[in-house]
Every structure is written in C-alpha cells, then in structure tokens.
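The sequence and structure come first, and the description follows.

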Amino acid sequence: MKITEIRIRKMKMMMKHPFTTSFGTFQEKDFLLLEAKDELGNSGWGESVAFHSPWYSEETLETNLHIIKDFLVPIVLGNEISHPDRVSELFGHLRKNNMAKSTLEGAIWDLYAKRNKMTLAEALGGTRKKIEVGISIGIHENVEELIQTVAGFVEEGYKRIKVKIKPGYDVDVMQKLRAAFPDVPMMADANSAYRLEDTDLLKQLDGLNLTMIEQPLASDDIIDHAALQVNLQTPICLDESIHSLEDTRKAVELGSTKIINIKIGRVGGLTEAKKIHDYCAEKGIPVWCGGMLESGIGRAHNIALTTLPNFTLPGDTAGSSRYWEEDVISPEVTVEEGYITVPDAYGIGYAINEQAMDRFTVEELVFQAQPFTAATGQ
Ligand SMILES: O=C(O)CCC(=O)c1ccccc1C(=O)O
Ligand SMILES: [Mg+2]
C-alpha cells in the first residue's frame, strides 16, 4: 500500500474525574491522533499515548509531534509499505521515541487491516471474541472514599481492581481494601515510587493475596527489581522499565519480573508488542495490556492486541465512559459484566465520531505525498 496522506491532530479532552498517580494528577488530556491514508482512499488511525508532561516517560506530546513530523512522516509518506511489520524496521535507525513511532505504526496497522478487509485483531493473529477487563483506580483523599469507588467498579463487574499506591498511602490502604473485598482479584501499581531500601515495607503487602505489584522501583531499573523479587512473594510486574523485546528478555532472565504489562506506545508499536507477547508465551510469563488513559482510538488498539492468547490477565482498558463524557469513536467502548466484546468491523472496528473528533481538535497538520507528475515520470 502507498501512504498518500498523513494528518496529525492535536487533541484536548477533559477527563470526567481527575486521576492521581504517585507522579501526578491528570484531568485535562492533551494528546495527538494521527490518520494515515492510502492510494485507495482507506484511512487508518493511531494515537500517541505521550502525555503533556514527561512524568511517566521522557516523551511528551510536543516531542512526539517533532519526531513524527520531522523524522517519521518523511520515511513513510509517498512510499509503498508491504506490511505494517516493515514500519518498525524502517524506524529502526532512530533511537527510542517509542510512543512517537507507535502512533504512526498503529495507524498503518489499522490501514492495512481495513485494506485487507479484516479486523485489526485478525491482522495481529488474535483469536478472542471478548476480553476480560480490569480497572485502574487513582489515589484518593482517604481510604473510605477509595472503598466506595472500588465498590462501584466491583458492582459494575470489572474483573480485577488495580489501585495506585505511593509512600504513605500503601500498606494500610491495601490492608483495609482487602478487608473490605476479601475475594476480589486485586493488585497495586507504585509507578516507581519506592527504592530497594523499602523492601521491608513492601513485604508487608505479602499475605494480602495481590495478583501482583506493578513497577515498585525506579522507572529505568531491572537490577533492583530482581533483588526485591527474591524477598517478595507477591509477583512483580514491570511497566515503565520495559521498552522492547530485549528489555523483556533481560528482565525475565534476571528474575526481575514474573508478569509483563504491555503498553503498545511504550514498546514502540504493535509489532514489538506482539514479539514481547510471543516471547512471554514461550517463557510461561503471563501478560496483560496496560492503559494510558486513551481516547477511543488507542483503546481500540489495546482491545485488538488483547485478543492474542497469552493476554491471560485482565487489562486496564476500561469502557469509554469511565474516562470521557463523549469519546471520539462510535460506538463507544462498553463493558458488560467485566467483558468488552471485540468489534467485528474492519480495522480498529470503531467508526469516528466526526463531531466529537472536530470538537476536541485544537490544531490539524496535513502532509501529502508529492502528486504524480508526468514531467518527471515519478
Ligand atoms: O486506565 C488506564 O488507562 C490506565 C491507568 C494507569 O494505570 C496509568 C495511567 C497513566 C499513566 C500510567 C498508568 C500506569 O499504568 O502506570
Ligand atoms: Mg503502571
């Protein structure tokens, strides 16, 4: 397929409720969407999961915009791409900037699936017709409020509750939560808020029957996590530390992690995500799909990826209405009794809600391939 046009939209959406992690609070969401078109008029969509500020990783909306328009667009625009797996090879000589790469790669995966009249899930080799979903819950003012919030989501049927923790809001909170919900699958995500010296404190989480603790130590660490895991019964799941199949292999070989949270943007796209999935399947390491508070576009990509067989744990991809008054896709993503039904329309499987899309668009940039000119015979 030939990529004839790329449009980048700067988006601004207001989240229904503020979401607090150990590194900051989100409410206004500024991010990028990208649409890639082929010579037949098909269009594919991708989402940049980079945030406005570099607090989850070093990438931001503006660094993504710079990398995409000045480096990535020139590589694909006007060119033939035989298969989306080729895109990460074409980007291979450019270091890191995984979320930027993933934005364009994701749009090309969607385009490829639509062009070949299959769902994105099928294009990736996924088989599940519905996926199990969990929910990630931010830091609350106090435990009583948190328990009320959790009760609501348990009632809605979410299959696993993930709670954000940070120093001073951890053992006591998790103990009270476990007491209130003895049988609910539960886990904690520290977003890198602890150090190896906190081992004794983290050991107090053992015995609460948590399915895992996500990224307790530094965002770039795999050494200390291995040392911590030796002293911890609760399985460690890495998020921030994993950017590639190579990172995954090293962390698994070192014993730093027993479960992997795969985020498409963090690992540079669906092709790399699939490689990590396959490697983990071979090694007996379960994986699940993390979330980045995405709009419907990114959410749809997460759903498609989660149809692969080794996504055996519920992910963070909740329904659209958990985040947004109105989403940019139609229909919106809905959760019924803890499941999302994988859409069967081609590509990402959801149509664009044009009105909402335009309303939340702050700026649009358009890049077109040079038109065919008889004079140069190009
Ligand atoms: O609901 C979601 O999309 C996931 C929420 C979440 O946990 C999260 C949100 C923003 C940044 C990092 C994380 C994380 O998984 O660590
Ligand atoms: Mg996380």
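A residue is called buried when its relative accessible area is under 20%, exposed when that value is over 50%, and partly exposed in between. By this cut-off S192 is buried, because its relative accessible area is 13%. The model discussed here is predicted.

**Metal site**

The magnesium ion (ligand 2) is coordinated by D189 (OD), E214 (OE) and D239 (OD), at 2.1 to 2.3 Å. Along the chain, the donors of this ion follow the spacing D-x24-E-x24-D. The pair D189 and E214 links distant parts of the chain, since D189 belongs to strand β7 (residues 186-189) and E214 to strand β8 (residues 213-214), 25 residues apart. D189 and E214 are both buried.

N191 counts as buried because its relative accessible area is 6%.

C280, for its part, is in no disulfide, and the cysteine sulfur nearest to its own is that of C237. A search of the whole structure finds zero disulfides. C237 is buried, at 0% relative accessibility, and C280 is also buried, at 0% relative accessibility.

**Helices**

Helix α5 (residues 143-156) packs with helix α6 (residues 171-180) at an angle of about 45 degrees, and their axes are 10 Å apart. That angle makes α5 oblique to α6, and the crossing of the two helices is right-handed. In this packing, V143, L146, I147 and V150 of α5 meet D172, V173, K176, L177 and A180 of α6. An α-helix has 3.6 residues a turn, so residues three or four places apart point the same way.

Helix α11 (residues 296-306) is mostly covered, with eleven of its eleven residues buried; among them are G296, R299, H301, N302 and T306.

**Loop residues and a cis peptide bond**

P343 is placed in the loop between β13 (339-341) and β14 (351-352) and is buried, with a relative accessible area of 18%. Leaving aside its neighbours within four places in sequence, P343 is in contact with T119, I303, I348, G349 and Y350; I303 is one of the buried residues of α11. G125, by contrast, is found in the loop between α4 (120-124) and β4 (130-132) and counts as partly exposed, at 42% relative accessibility. The table sets out one C-alpha separation for each of these two loop residues.

| Pair | Apart in sequence | Apart in space, C-alpha to C-alpha |
|---|---|---|
| G125 and K274 | 149 residues | 9.2 Å |
| P343 and D278 | 65 residues | 23 Å |

A further backbone feature is found at P331, in the loop between β12 (329-330) and β13, where the peptide bond from S330 to P331 is cis, with omega near -5 degrees.

Terms used:
Residues numbered from 1 in each chain as written. Chains lettered and ligands numbered in written order. Predicted model: local features only at pLDDT ≥ 70, side-chain atom pairs only at ≥ 80, totals over all residues. Heavy atoms only, no water. Donors = N, O, S within 2.8 Å, 3.2 Å for Na, K, Ca; no water. Helix = DSSP H or I, 4+ residues; strand = E, 2+ residues; numbered from the N terminus. Buried < 20%, exposed > 50% of the residue type's maximum accessible area, 1.4 Å probe, protein only. Disulfide = S-S within 2.5 Å. Axes fitted to C-alpha atoms, helices over the stretch in contact; angles between N-to-C directions. Parallel < 35°, antiparallel > 145°, perpendicular 65-115°, else oblique. Left-handed = near helix turned anticlockwise from the far one by under 90°. Contact = heavy atoms within 4.5 Å.
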